[in-house]
Structure formats: structure tokens, C-alpha cells
Amino acid sequence: MKVLACVKPVPDPSAPVAYGGDGRLDRRGKLVLDEADSYGVEVALRLAEATGGSVAIASMSDAGDLSPLRSALAMGAEEAFVASDPRLGGADALTTARVLAELVRRAGAEVVVTATESADGYTGTLAAQVAELLGWPALTFASAVSVEDGVVTVKRQSESGTLEVSAPLPCVVSVTAGSVEPRYATFKGIVAAKSRPVTVLDLAELGLGPVDHDVQRVVEIVEAPGRAAGEKIVDEGQGAAAIAAYLESIKVL
Amino acid sequence: MSTVWVVVEPSEEGWSESAGELVTLARSLGDVVRLVTWSSPFDSLEAGRYGATLQYVVAHDESRLVADVVVGALDELSAREGSPDAVVLSSTYDSRDIAGRLSVRWSRTVVANVVGLRHLDGDGWESEHLVAGGARIAHTRVQSAALFIVRPKSVTPSTIDAGPVESVDVPAGSATSSARVLSRMVEEREGPDLESAPVVVSGGRGLGSAERYQWVDELARLLGGAGGASRAIVDAGWVPYSRQVGQTGKTVAPTVYVACGISGATQHLVGMKGSSHIVAINKDPDAPIFQVADFGVVGDVTTILPQLIDLVRARRGS
């Protein structure tokens, strides 16, 4: 079974966030594999191992810097498909889904695994969009995933607990962070990743039309309203009593 | 004349905070406000009071996923009655799936994490949505009909002088997906619901071990509140996902929020900084949580928390 893990290179979370004059996230600094995607890659690898299949990586990103994708390949994926086109900069989630659905078709995958949301965009709709474009079921917000006899079963988060949901192949799965322990790349894996095939396709090669950037255009980025810091004390044995007194002062205690 | 559909999950109580917020918002966006829910209707008096002009109740077969059923039904409705100029949805799991599938069906853009939205005089919408994990707000011009996933507690609900709305039963949409729900597990909960509790006590990595989360629960119980968590300890499997407060979890705005051993990543702060009072205990004096705390104690939460529980218990007892 061929499993496709969708991943996104995002600005290094340890660096300060910056936006360009066009309201788009500044991606010129160091990019890393979105941590949320490492769980998706791990789940994809386990599904492939359980079925004797293989994992491919799909991404819509600037092919100029492939290092974030190489880290996914180093975990054990066999190949990568990258949609790279300057016209895709600032694309909305629907456009991204159209591009990724096309990569799914190219890869010939039977299962697509994504994170529940990216660490930079946080839209959280992509898995459902890709599934709808492909006409596949979407098993989203999964904290556990298994496959048996051509049926994928997941534990899906709900507002008040979990649901057990299953669907026959092919299907799209989105996995929550922390659902599995992502493996570390071995030295052998890192070396092998350098020679794994990476197919780069632009919009024309994907057979997709122009991107309408006017559907959503950022006019301004402003600081979210903050909160003033209040009193801060150092605990020297009196900390708990001071909190109790504070709770009393606001009539909670 | 603009038509706005409000998609919100049903409530056993017949109305919900979420429904109140979203219908209030929709009322400011269009003249025709249609409330869409499934399984059970909202109270028609409440729906009218907040400004809905009609309610659609989609029949939901429990063995199927909500999005699969609702999207098909809405698609059939729009084919018959025209599609809305905007759809506003809550930020829940099912709503995000509904938004995703509808965006493809109707070829419409989705804006998520919306905290503000208005109809522009000319055409289209201007939305405000959280970016950078909640540290910034992007003001975005949305050209045409679109789907907006709104963050909880972004709108102050208000009512108008209007009568009850008519409820229209809508059959489940034709099967769009072969996914089947095999079983449901509801987490048992003592005390108030996390999102509406007057007091929230949350624990983070600073607790040091999963067992010590019981202190968080104990303090929450003593204060008549609910226990929350940072993403770090949810990911570590100490507590279930339903306890997570933050960007990907619940948004809370209690009278007091007590953060125990939580450093305060931006993604956590966005879920709790609307609280009236914030108390933080953390051993790192530079932890970002102190930038939003009204009262902060720099110290070891594993020492302070048990002491605090004893003090609260003593006062409660006296």
C-alpha cells in the first residue's frame, strides 16, 4: 500500500515571526519540517510497514530549500513530490488542497496522512478539502490509526471524548500531535535521504490553472491585544498563602 | 440583501453560548440569518431572540460522520434555495470538516481563527483572524462568498426583540463518504464544563509527572472549577485531549485561571488570556506566562500547589 504524507516546511519556531509588506509570513529565514507533520510521517510509515507498502512525501513549498523534506525522507519515506511555483505564494487552503490532491494522483497513493493543522497557518481544513477533491472519506483528528484488510480505523477526537471511525481504502487521515512517538532519523537514513528521488512540479505541469490571490488578501497585520503583567513575587515559603490571599481578594475564595 | 448561514452543533440544553455568539455575529452581516444544526433543534424562541430568521435541522444518522451528512444536506439545500453569501461556523472538529468539504463543493475560500468580521459596503467581507499562534491579527479582505470559522468567545452575544423562528427539517444528504462511526466514548467529567467553568486550574510540564495532575484536579474541585492542561502534557499522554487549553484546544475565559507549571507558549495564551484574572506559578522567572498574569509566583509548583490545596481546604472547612 502506498501512503502519502503531506508535509509543510515552516519558519523555525525558535526564530521571531515576521511578516512582509504583503501581509504574508516571511519565509526567507531557516525553514524546518513542521513538528506537527512528524507525527503524520510516523503514522504513514507505520501504516506502510503494516501492509508491506511504502511512503511518499508531498509538499507545496519552495523547491529551493529541500532540507525540511529531506528530514521526512530521512525518517524512511522513499520519495517526495513537491509542487513549487512562485504563483502559489500566499495561496489559501483550498488552493493548497487542489495542489496536494493533484500530487496524490501523481503518487498513486491509497492513503493520505496530514497533520490536523499547520504550525504557521492553522486553518485545519486541509484534510477534509483534499478528501472532498478526491471523493474519498476523511478520518480526521485521529489520535490512533490502524489498517486491516483494506479498512482504516481511527480514534477520532470529539468535543467530549472520542469516536471509533472506519473507512475502506482509499481515504485521507489527519493525525493529532502527540498521537505517536516520531522516530529519529538514523545516520543511515540521513545519508539515504540525499539520494531519494524528489519530483518537482509547477502549476502548468500539475495541470492547474492560475491562482486567484484576490479571494483573500491580507490588508494589515497588527499585534493581538495584550495584557499587562501584574504583580510577581518569588516564593520563599509564602507563595501559597499569597495566592490564597489573592483568590480571596477577587472573591473566588 | 445578504444571506448568512450559521452552522453550529446542537445542544442538549436547547441553546448554547456558541450559538448565541455566532447568530449575533451573523445578524451584523446579513438580513437573512439561517441557523443550521443537526440531530436536535435549538429552542426556536432563543434562536429568534438572538436574530435567526429560520432554522434548518439536518437529520443525522449516528453511524455516520457529522460532516458527511451535513455537507450533503447543505449542498442540496443550496441547489434548491441558492447558496448563502457567507457561512459562519464554530471552531469544532466537525465544523472544520464541514467547512473543508463545503469549500470544495462551492469553490469558496475558508478563513479560520476569525475573531472579527464585517460586511463591506461595496462587496465582500473584512475579517480579522489570529495568526502567528495568536500573537498577531491579520485584517483580511475577502472578495466574495466565503466560509468563516470563528473562534469561541470572540463575539459578545446580544438579543433583539423578535419572535420564535420556524424550524425546517432537512433530510440527511446523500452519502458522500463510506466512513462509519463504530463506537463513541464520552469522557466522564465531574464538576463544570471546562469552557464555561468560573474557575479553571491548568497544569503543565512543570508538574513533573502525570500523577501530580491530581493536584490540579483537586484544586479545581475545591474552587468549583474545571481542570485544564497545556498542549505539552496532552501530547505526553498525561491527560486527554479534551482538557487542552489553547490554539488547538479549548478557549476559556473564567473569572480566574490558575496556570500551574505552564510556561505560556503563544498557542496556550490565546486560549486563556480572555480570563478576568490570571494566576501563574512557574519556576522560570522569565516564563511568558508571567507577562499575562495578574498575580505570579516564581517557585516550584510541586511545592506550592500542595500547600495551596491545604490552605484552600482549611478555609473551605472553616
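This is a predicted model: local features need pLDDT of at least 70, side-chain atom pairs count only at pLDDT 80 or more; totals for chains, interfaces and linings use all residues.
## Overall form of chain B

Chain B is built from 8 helices and 15 strands. Its C-alpha atoms occupy a box of roughly 65 × 45 × 40 Å along the principal axes. A compact globule of 318 residues would have a radius of gyration near 20 Å, and the 21 Å found for chain B agrees with that expectation.

Of the 318 residues in chain B, 58% count as buried. Among contacts in chain B with a separation of 6 or more, 63% are made by residues 24 or more positions apart.

## Surface and charge

The accessible surface of chain B amounts to about 11900 Å², and carbon and sulfur atoms contribute 47% of that area. Chain B carries 28 positive and 38 negative side chains. The centres of these two sets of charges lie 5 Å apart.

## Aromatic pairs

Over all chains, the structure holds 8 aromatic pairs. One of them joins B:W5 and B:W106: the ring centres are 5.9 Å apart and the planes stand at 70°, so the pair is edge-to-face. B:W5 belongs to strand β1 (residues 3-7) of chain B, whereas B:W106 sits in the loop between α4 (93-105) and β5 (109-119), so the pair ties together parts that are 101 residues apart in sequence. Both partners are buried: B:W5 has a relative accessible area of 2%, and B:W106 has one of 13%.

The rings of B:Y93 and B:Y241 also pair, with centres 6.4 Å apart and planes at 45°, so this pair is tilted. B:Y93 is part of helix α4 of chain B and B:Y241 is in the loop between α6 (231-235) and β13 (256-260), so the pair ties together parts that are 148 residues apart in sequence. B:Y93 is buried at a relative accessible area of 9%, and B:Y241 is buried at 13%. Ring pairs also bring in chain A, linking A:F141, B:Y93 and B:Y241 into a cluster.

## Helix α1 of chain B

The buried residues are B:A19, B:G20, B:E21, B:L22, B:V23, B:T24, B:L25 and B:A26.

These buried residues pack against several elements of chain B. The strands involved are β1, β2 (32-38), β4 (86-89), β5 and β8 (146-150), and helix α2 (44-50) is a further partner.

B:V32 is found in strand β2 of chain B. With a relative accessibility of 14%, B:V32 counts as buried. Leaving aside residues up to four places away in sequence, B:V32 touches B:M1, B:S2, B:T3, B:V4 and B:T53. The C-alpha atoms of B:V32 and B:P84 are 9.2 Å apart in space, while the two residues are 52 apart in sequence.

B:H129 lies in strand β6 (residues 125-131) of chain B and counts as buried at 11% relative accessibility. Beyond residues up to four places away in sequence, B:H129 touches B:V111, B:A112, B:N113, B:V114, B:V115, B:R136, B:I137, B:A138 and B:T140. B:N113 is buried, with a relative accessible area of 8%, and has a positive phi of about 60° although it is not a glycine.

## Backbone features of chain A

In chain A, A:D149 likewise has a positive phi, near 50°, in a residue other than glycine. A:D149 is placed in the loop between β7 (138-148) and β8 (151-157) of chain A. At 75% relative accessibility, A:D149 counts as exposed, whereas B:N113 is buried.

A cis peptide bond joins A:L169 and A:P170, with omega at about -5°. A:P170 is located in the loop between β9 (161-168) and β10 (171-175) of chain A.

Notes:
Residues are numbered from 1 along each chain as its sequence is written. Chains are lettered from A and ligands numbered from 1 in the order in which they are written. Side-chain values use heavy atoms; hydrogens and water are left out. Helices (H or I, at least four residues) and strands (E, at least two) are DSSP runs, numbered from the N terminus. The radius of gyration is taken over C-alpha atoms; the globule rule is 2.2 Å times the number of residues to the power 0.38. Buried means under 20% relative accessible area, exposed over 50%, partly exposed in between (1.4 Å probe, protein chains only). Contact means heavy atoms within 4.5 Å. Accessible areas come from the Shrake-Rupley method with a 1.4 Å probe; for residues, only the protein chains shown count as cover. Lys and Arg count as positive and Asp and Glu as negative; His and the chain ends are not counted. The place of a charge is taken as NZ of Lys, CZ of Arg, CG of Asp or CD of Glu. Rings of Phe, Tyr and Trp (its six-membered ring) pair if their centres lie within 6.5 Å; planes under 30 degrees apart count as stacked, over 60 as edge-to-face and the rest as tilted.
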